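Me: I have a model open and want to learn how to read its features. Where do we begin?

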Amino acid sequence: ELEARNSELTEGLERETATREILSVISSSPTDIQPVLDTVAESAARLCEAFDVAIFRRDGDRLLLVAHHGPIPVGPIGEFTLPLVRGTVGGRSALDGRTVHVADPQTEADEFPESSEHARRLGFRTILSVPLMREGLAVGTINLRRTEAQLFTDRQVALLQTFADQAVIAIENVRLFKELEAKNRDLTEALEQQTATSEILRVISSSPTNVQPVFETIAESAVRLCGAEAGTVTRFDGEWVHLVAVYGSSAKGVDALRRAFPLRPSGASAAARSIRDRAMVHIPDVLTDREYTIQEAAMAARFRAVLSVPMLREGRAIGSVTIGRAEAGDFSDRQIELLRTFAHQAVIAIENARLFTE
């Protein structure tokens, strides 16, 4: 009796220690699920006396391997998948949302054809699969395997269900944390945009006849909020495109740009092209654009990836706002829309100065 009692206390202590360790990993990895799944797999193998543990996430009509502990070969984590079908033990567990326990799948070719083939090929016998349940739907499975035909005990089955619950908690925790991060990021971006707009409007109101401070503020705000490294503002007098503001470029880059302007409305630069076409111009890499002829100046000024939006007043182009990055690549839809907003504010500033002067 004393031995039995000590054994129960030891098992309980091991479970509590494993649970505490998993919760510790969850709290220390709020956005990274992998360390948690690795710890769950290792703890399940040790406490359930399993030879091998594999955790799968539901991915469409497949089960994607996300964690593995043990010597039985499976496949690369994050790449290996199994079909979500009733012919596999894990597939049936996920589809039915219940525990599936098979003493020897090698002899169950009729009931589990896929798992039977896997068992013979990989050399395992007993398999236990518990679904990862969230809101009544299985989002994955955790599977124990043995190389001998020996069923797991009721205690081990119950313990694996506990580990499955902890894995679900970790997955849900990461999902919620990422959602919160995304919401906070959206709120921060919105606040930054409102702050930039307020600053531009303040400069407009304080400089009713001088648009130069507005252009400089717009160039700086566009670079800072659109993930760019450099920015320019140009004016169009009906014949030539003039450079009126630069932000983020080195002195050498600014000199190179000033030597390249003024330009005719043409494809020679993104700014001139957006004015010519009266449309947004997005060039992921100016070095691959044959029409772009001021490549040397652009590279010196950190404009390899370029985005330019025209300033339009009554359908006519009166200038442009342009941003660039030193590395090739696309700008996002959000950044494009934000740059359009800055172009509209530049038009407001120009129109305000014109009306004030009149």
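Reply: Begin with the largest pocket: β1 (52–59), α3 (89–96), α4 (113–122) and β6 (137–145) each supply at least two residues of its lining. Helices (H or I, at least four residues) and strands (E, at least two) are DSSP runs, numbered from the N terminus. This is a predicted model: local features need pLDDT of at least 70, side-chain atom pairs count only at pLDDT 80 or more, and totals for chains, interfaces and linings use all residues. Residues are numbered from 1 along each chain as its sequence is written, and side-chain values use heavy atoms, with hydrogens and water left out.

Me: Which element gives the most to the lining of the largest pocket?

Reply: α4, with four residues. The lining has 18 residues, and Phe56, Leu82, His118, Phe124 and Arg145 lie nearest the centre. The pocket holds about 230 Å³ of space.

Me: How do I read a pocket against a cavity?

Reply: On a 1 Å grid over the protein atoms alone, a cavity is a set of points where a 1.4 Å probe fits but cannot get out, and a pocket is an open set with protein on both sides within 12 Å along at least five of seven lines; lining residues have an atom within 4 Å of a point. Here one cavity of 30 Å³ or more is counted. The largest cavity has a volume of about 100 Å³. Its lining includes Thr232, Phe261, Tyr292 and Thr322.

Me: How do I read the sheet?

Reply: Strands of a sheet pair through backbone hydrogen bonds, either parallel or antiparallel. Two strands count as paired if DSSP finds at least two bridges between them. In this model six strands form an open sheet, ordered β3-β2-β1-β6-β5-β4, with antiparallel pairing. β3 (81–83) and β4 (100–102) stand at the edges with a single partner strand each, so one side of each is left without a neighbour in the sheet. Strand β2 (residues 62–69) pairs with β3 over three bridges. Leu82 in β3 is the bridge partner of Leu63.

Me: At what angle do α5 and α6 pack?

Reply: Axes are lines fitted to C-alpha atoms, for helices over the stretch in contact, and angles run from 0 to 180 degrees between N-to-C directions. Helix α5 (residues 154–206) and helix α6 (residues 212–225) pack at about 170°, with axes 9 Å apart. Angles over 145 degrees count as roughly antiparallel. The two helices, α5 and α6, are therefore roughly antiparallel to each other.

Me: Which residues of α5 and α6 meet?

Reply: Contact means heavy atoms within 4.5 Å. Among them are Ala196, Ile200 and Val203 in α5, and Val214, Ile218 and Leu225 in α6.

Technical notes:
Parallel < 35°, antiparallel > 145°, perpendicular 65-115°, else oblique. Points joined across faces, edges and corners; volume = space filled by probe spheres on them.
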